[in-house]
Amino acid sequence: MSKRRTLTLPPAAGEQQEALPGTEEGVPEETAAAPAAVAGGVLAQMTGADISSPLRIENLPTPYDVPEGVVSPLTHKEQMDLATCEQALTGFRKAVIVAGKALEVINRGRLYRDTHPTFADYVWERWGFKRAHAYRLIEEWPVAAAVSPIGDINEAQARELLPVFKAHGQEAAIVLYRETRALAGEKVTAAALAEARQVLPPRLASPEQAADVLRVAAAEGRVPRIVPPRQAPVEAPVVEPEPAPTAADVARLDARAGAEAVAVLEAALAQQQQIYDRLHGTVALAMGYDPGRAEQLLGELRQYAHRTAHRARGRSVPGAPGEE
């Protein structure tokens, strides 16, 4: 069994490959007997993908910064950098289509037979994945190519469209994908396609019915991953004016106010009793320690006692704090 290895792509146009021992004109020994490849290489013939240059990281330019304020046209170097990067992205987007079709060619033609007894041994030892995954890619590439010839569909999306492709045909899968994309605002995920697939009936009268069914499901809120349900506006609560108080209401309020007033008098009496008790023997000690300060405080106590007595009689003392 051969060791697992990575795919070697043909050199870029104009790129010269150094001669290696045991090769002719720079072609590795293991491929020296292969027929001359036309532009794009053997894989391009097999898959229809443009992979005329190797997609290696060293072929990409080193990232560089251009200030936001620069609006001048691209230089020649920048144009070349853009073309190189877009070529790499194009190859990346077509991964499902390219890999699936290439695997189908290898499997059906038994092109692995020189090195491996079975296709399962070949994909595992050569590429590191199991036969089931290889067959999934083989099944998925036709639907991926039909739905998106430019390759902007990934393996997960192709996997969700495959049952539609099998049950309703290629056109229905294309219609479903395009309608999902239109409803979702160009952002199509595999989960959105799974949701779209689940609302389809067992049989379609025509491929276009897939779009009709999906639009109805969106209007009814049955595909929230594609069209999120609209939030109903929150209406401000209606505040009704309070009714005018009745005589009974006024009486209850007066009774409550009277009860609170009695509680205030009880608390004031308790405080006065505490003051009376604490002043016993305190005045003589204060006069002995600081006569001036003691006389000042006693004077203020007499004033407040006088005001309290007047207020207890329902009178006010002009000039007192809190009195008008």
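**Getting oriented**

Guide: Start with the contacts. Among those in the chain with a separation of 6 or more, 59% link residues 24 or more positions apart. Keep in mind that this is a predicted model.

Visitor: How many helices and strands are there?

Guide: The chain has 12 helices and 0 strands. From the N terminus on, the elements run α-α-α-α-α-α-α-α-α-α-α-α.

Visitor: And what share of the residues counts as buried?

Guide: Of the 324 residues, 26% count as buried.

Visitor: How many residues are in the largest nonpolar core?

Guide: That core has 33 residues. V147, L161, L176, Y177, L214, V223 and I226 have the most contacts inside it. Two or more residues each come from α3 (95-108), α5 (131-147), α6 (155-168), α7 (170-184), α8 (190-198) and α9 (209-219).

Visitor: Which helix gives the largest share?

Guide: α7 does, with 7 residues.

Visitor: What about a second core, which residues does it include?

Guide: The second core is separate and has 9 residues, including Y112, V123, A134 and I138. As a general point, nonpolar side chains tend to be buried together in soluble globular proteins.

Visitor: Let's look at α5. How many residues does it have, and how far does it reach?

Guide: α5 has 17 residues. From its first C-alpha to its last, it reaches 25 Å. That is close to the 24 Å expected at 1.5 Å a residue.

Visitor: Where does α5 bend?

Guide: The bend is at E140, by about 35 degrees. A proline, P142, follows within four residues.

Visitor: Which residues of α5 are buried?

Guide: The buried ones are A134, L137, I138, E140, W141, V143, A144, A146 and V147.

Visitor: What do the buried residues of α5 pack against?

Guide: They pack against α3, α4 (119-127), α6 and α7.

Visitor: New topic. How many salt bridges does the structure hold?

Guide: It holds 9 salt bridges. Take K166 and E139, whose closest N and O atoms are 2.8 Å apart.

Visitor: What about R108, which residue is its partner?

Guide: R108 forms a salt bridge with E104. Their closest N and O atoms are 3.0 Å apart. Both residues sit in helix α3, and because they are 4 residues apart they are separated by about one helical turn.

Visitor: Is E104 buried or exposed?

Guide: E104 is buried, with a relative accessible area of 19%. The cut-off for buried is under 20%. R108 is exposed, at 66%.

Visitor: Now R215. Where is it found?

Guide: R215 is in helix α9. It is partly exposed, at 39% relative accessibility.

Visitor: Which residues is R215 in contact with?

Guide: Leaving aside neighbours within four places in sequence, R215 is in contact with E179 and L183. The side chains of R215 and E179 make a polar contact at 3.2 Å. Their C-alpha atoms are separated by 8.1 Å, though the two residues are 36 apart along the chain.

Visitor: Last one, Q157. Buried or exposed?

Guide: Q157 is buried, with a relative accessible area of 6%. Its place is in helix α6. Not counting residues up to four places away in sequence, Q157 touches D152, V188, T189, A190 and L193.

Conventions. Residues numbered from 1 in each chain as written. Predicted model: local features only at pLDDT ≥ 70, side-chain atom pairs only at ≥ 80, totals over all residues. Heavy atoms only, no water. Core = buried A, V, L, I, M, F, W, Y, C linked by side-chain atoms within 4.5 Å. Buried < 20%, exposed > 50% of the residue type's maximum accessible area, 1.4 Å probe, protein only. Contact = heavy atoms within 4.5 Å. Polar contact = N/O pair within 3.5 Å; in protein donor to acceptor, adjacent residues only side chain to side chain. Expected span 1.5 Å × (residues − 1). Bend = angle between axes of the 7 residues up to and from the residue. Salt bridge = Lys/Arg side-chain N within 4 Å of Asp/Glu carboxyl O.
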